[in-house]
Amino acid sequence: MRAIRAWLAIFIIGLVLSGVTAFPLVAEVRLLAWLLGPTGFIDHVRDGLVTTSEHYPFIAYGTDWLAFAHLVIAIAFVGPWRDPVRNVWVIEWGMICCVAIVPLALIAGPVRGLPFWWTLIDISFGVFGIAPLLYVRRLIRRLPTAVSPPVAAR
């Protein structure tokens with residue numbers, strides 16, 4: 001149970017950080033551009049975000065919802081943290097989501113004009129996300145079902 005909870009805590013923290021960092025995009029990309037120096041694409045992203053923020057701030061509402069979604073998804077993983085046997089389906093759902101990142105990135109990346117290296121970064125979220133979930137699922141399958149008492153017994 002300790003290993004399951006530890007890996008789920010890491011996964012939940014990753015989702016929360018991913019969500020929270022989607023709010024201050026302009027400041028983050030300005031910092032990234034400053035740290036990396038002239039890069040072309042990152043500078044282009046910074047300029048686009050700054051211009052959009054100045055002239056069309058309501059567009060950022062879309063990334064606010066993206067951030068919110070990450071936070072809500074993180075909350076879903078509290079179920080398996082509390083009762084992994086009964087909530088293994090959440091782990092499997094998360095694995096499906098990680099796999100679904102690949103076609104989304106491969107289709108939407110080129111449609112939106114992203115460089116291929118950026119598409120690979122996006123795909124890496126699915127790869128790095130599914131690894132701990134696969135391990136957690138394996139650990140859950142080893143647990144006796146007695147860990148999760150029937151609902152009527154609670």
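Asn87 is buried, at a relative accessible area of 19%; buried means under 20%, exposed over 50% and partly exposed in between, with a 1.4 Å probe and protein chains only. The model is predicted: local features need pLDDT of at least 70, side-chain atom pairs count only at pLDDT 80 or more, and totals for chains, interfaces and linings use all residues. Residues are numbered from 1 along each chain as its sequence is written, and side-chain values use heavy atoms, without hydrogens and water.

Asn87 sits in the loop between α5 (78-82) and α6 (88-111). Helices here are DSSP runs of H or I, at least four residues, numbered from the N terminus. Leaving aside residues up to four places away in sequence, Asn87 touches Gly79 and Pro80. Contact means heavy atoms within 4.5 Å.

Now the cysteines. The structure holds 0 disulfides, a disulfide being a pair of cysteine sulfur atoms within 2.5 Å. Cys97 is partly exposed at 32% relative accessibility. Cys98 is buried at 8%.

Helix α3 covers residues 41-55, 15 residues in total. From first C-alpha to last it reaches 21 Å, close to the 21 Å expected at 1.5 Å a residue; the expected span is 1.5 Å times one less than the number of residues. Phe41, Ile42, Asp43 and Val50 are its buried residues. They pack against α2 (25-36) and α7 (116-142).

Helix α7 also holds Tyr135. Tyr135 counts as partly exposed because its relative accessibility is 34%. Its C-alpha lies 8.4 Å from that of Ile4, 131 residues apart along the chain.

Note on methods
Helix = DSSP H or I, 4+ residues; strand = E, 2+ residues; numbered from the N terminus.
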